[in-house]
Amino acid sequence: MKHYIKAARLRTLPLSVSGIIVGSSIAASQGYFNIVICVLALLTTIGFQIISNFANDYGDGVKGTDNEDRIGPERAIQSGVITPSQMLSAIKIAVGLTFVIAVLLIYISFGKEDFLNLFIFFILGVMSIVAAIKYTMGKKAYGYSGFGDFFVFIFFGLVSVCGSYYLFAKQLDFTIFLPAFSIGLLSIGVLNLNNMRDRESDIKSGKKTLVVKIGSEFAKYYHYYLLIASFLFALLYAMIHYKSPFQFLFIIAYIPITRHFMVVYKNSVLKLLDPELKKLAISTFLFSILFGLGLIL
């Protein structure tokens with residue numbers, strides 16, 4: 001069991017729930033909140049992330065992408081502690097459990113009468129599971145063709161923030177897209193760091209991430225733009241909905257993000273960026289907490 005827990009990569013879970021925290025906080029600040037919906041939304045998102053982590057371990061493992069050139073933590077299939085068939089079984093179990101929780105979340109949120117919203121969110125749930133699996137699994141895994149950034153932005157940003165808000169409010173304020181952009185861009189930043197770190201091994205294994213396509217130098221500039229734009233979108237939302245200075249609490253999270261920015265700027269050895277992955281992920285989680293607190297206080 002400890003090998004499956006390690007393969008679930010618990011350190012990635014705070015980043016995955018950041019969008020849910022932001023969406024739920026915005027809803028709570030407007031008088032829409034339900035603790036049951038919030039907990040189920042968090043559990044569903046954690047389920048999606050665990051599915052993705054298992055699928056990545058399986059996909060990269062059977063394709064040979066996880067090899068001696070990989071810099072990050074050793075994966076379960078790569079090390080041999082879990083076989084591909086065992087990991088495939090774990091993915092099926094995770095999919096089944098997450099699907100049940102997601103259906104329960106949708107039913108509690110909308111009831112059985114609101115068929116349109118039930119159908120839309122059921123489709124979103126299925127798409128989320130498929131996206132989690134198809135990042136590295138299968139012959140047409142989108143992570144191997146440079147579309148990982150796009151799907152991370154959609155599911156970690158837009159679906160996570162706007163979708164969770166809608167579960168509470170049953171309506172959509174289009175300014176919600178601003179903090180959704182922030183979370184989405186910061187999440188892409190984490191992926192971009194991962195891909196910068198793994199660029200050399202990805203090239204050898206034929207994994208054509210966006211970093212492989214645009215090169216290391218442009219990948220760093222791309223990273224700068226992601227971090228700066230995430231701040232500007234959050235700032236714009238706070239200014240549009242200004243009620244108190246507490247709404248700018250999220251700026252505190254950009255202190256470690258700025259330090260991270262400078263490390264990436266000064267570091268020409270991309271292999272040394274691995275510790276920054278965890279720092280940016282934690283900073284994104286901190287952003288979500290402070291952003292939410294600023295709205296509620």
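## Basis of the description

Helices (H or I, at least four residues) and strands (E, at least two) are DSSP runs, numbered from the N terminus. This is a predicted model, in which local features need pLDDT of at least 70, side-chain atom pairs count only at pLDDT 80 or more, and totals for chains, interfaces and linings use all residues. Residues are numbered from 1 along each chain as its sequence is written, and side-chain values use heavy atoms, with hydrogens and water left out.

## Overall fold

The protein contains 13 helices and zero strands. Its C-alpha trace spans about 50 × 45 × 30 Å along the principal axes.

Of the 297 residues, 52% are buried, a term that means under 20% relative accessible area with a 1.4 Å probe, protein chains only. Contacts are heavy atoms within 4.5 Å; among those between residues at least 6 apart in sequence, 77% join residues at least 24 apart.

## Ser164 in its helix

Helix α7, residues 148-169, includes Ser164. This residue counts as buried because its relative accessibility is 2%.

A polar contact is a pair of N or O atoms within 3.5 Å; within protein, one must be able to donate a hydrogen and the other to accept it, and residues adjacent in sequence count only if both atoms are side-chain atoms. A polar atom of the Ser164 side chain lies 2.6 Å from the backbone oxygen of Ser160, and the side chain of Ser164 also reaches the backbone oxygen of Val161 at 3.0 Å. Leaving aside residues up to four places away in sequence, Ser164 touches Gly19, Ile20, Gly23, Ser24 and Val159.

Conventions
Buried means under 20% relative accessible area, exposed over 50%, partly exposed in between (1.4 Å probe, protein chains only).
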